[in-house]
Amino acid sequence: MPLALEGKKAIVAEVSEAAKDALSVVVADSRGVAVSKMTDLRKQARENGVQIRVVRNTLARRALAGTQWECLNESFVGPTLLAFSSEHPGAAARLFKEFGKDEKNFEVKALAYEGEFIPASDLDRLATLPTYDEAIAKLMSVMKEASAGKLVRTLAALRDQKEEAA
């Protein structure tokens, strides 16, 4: 059913607003996925700070024109599902990767991060980015390990110094 011009303008405005606040964008094709599974995916997306929109290709191109996500225009072929990550750049990629393991009909077409086009084959590049808490935990473990190593070296040097003196 054709959309009226005002409806199209509203969709373009909504997608443009979501794109403006997004840290990354993932484009996927969900043909053949059951509605109940898509409902579950949308629920998980909301919980993870990901906004999902099904948009006509021409409207998606128009909404992303002039933005850093314009590099995705070539991937707008066939049914298009857009996912905008607003809290963590890897959230949508991680979510779609997990969803794609169970749903063989679900296909990620492309991704973009900081204006760079990323092919679907490199999905792990975004999906494996650590969250803020994971990054802090890794940093703390490295700092702890470094300080423990320094303590061991200091004690060994002190031991060597005492052995030489004796």
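Does Phe96 count as buried or exposed? At 1% relative accessibility, Phe96 counts as buried, where buried means under 20% relative accessible area, exposed over 50% and partly exposed in between, with a 1.4 Å probe and protein chains only.

## Basis

The model is predicted: local features need pLDDT of at least 70 and side-chain atom pairs count only at pLDDT 80 or more, while totals for chains, interfaces and linings use all residues. Residues are numbered from 1 along each chain as its sequence is written, and side-chain values use heavy atoms, with hydrogens and water left out.

## Nonpolar cores

The largest nonpolar core has 23 residues. A nonpolar core is a set of buried Ala, Val, Leu, Ile, Met, Phe, Trp, Tyr and Cys residues joined through side-chain atoms within 4.5 Å. Val26, Leu41, Ile52, Phe96, Phe106 and Leu111 have the most contacts inside this core. Two or more residues each come from β1 (24-29), α2 (35-47), β2 (50-54), β3 (81-85), α4 (91-102), β4 (107-113) and α5 (123-127); helices (H or I, at least four residues) and strands (E, at least two) are DSSP runs numbered from the N terminus. The most, 6 residues, come from α4.

Leaving aside residues up to four places away in sequence, Val26 touches Leu81, Leu82, Ala83, Ala92, Ala93, Phe96, Val108, Ala110 and Leu111; contact means heavy atoms within 4.5 Å. A second, separate core of 20 residues includes Ile11, Leu64, Phe76 and Leu82.

## Aromatic pairs

The whole structure holds 2 aromatic pairs. Rings of Phe, Tyr and Trp (its six-membered ring) pair if their centres lie within 6.5 Å; planes under 30 degrees apart count as stacked, over 60 as edge-to-face and the rest as tilted. Phe96 and Phe106 are edge-to-face because their planes stand at 85°, with ring centres 5.0 Å apart. This pair links distant parts of the chain, 10 residues apart: Phe96 lies in helix α4 and Phe106 in the loop between α4 and β4.

Phe99 and Phe106 are also edge-to-face, at 4.9 Å centre to centre and 85° between the planes. Both of these residues are buried, Phe106 at 7% relative accessibility.

## Glu103

The loop between α4 and β4 also contains Glu103. Glu103 is buried yet has no salt bridge, defined as a side-chain nitrogen of Lys or Arg within 4 Å of a carboxyl oxygen of Asp or Glu. Its nearest side chain of opposite charge is Lys37, 4.2 Å away; Lys and Arg count as positive and Asp and Glu as negative, with His and the chain ends not counted. Glu103 touches Val33 and Lys37, not counting residues up to four places away in sequence.
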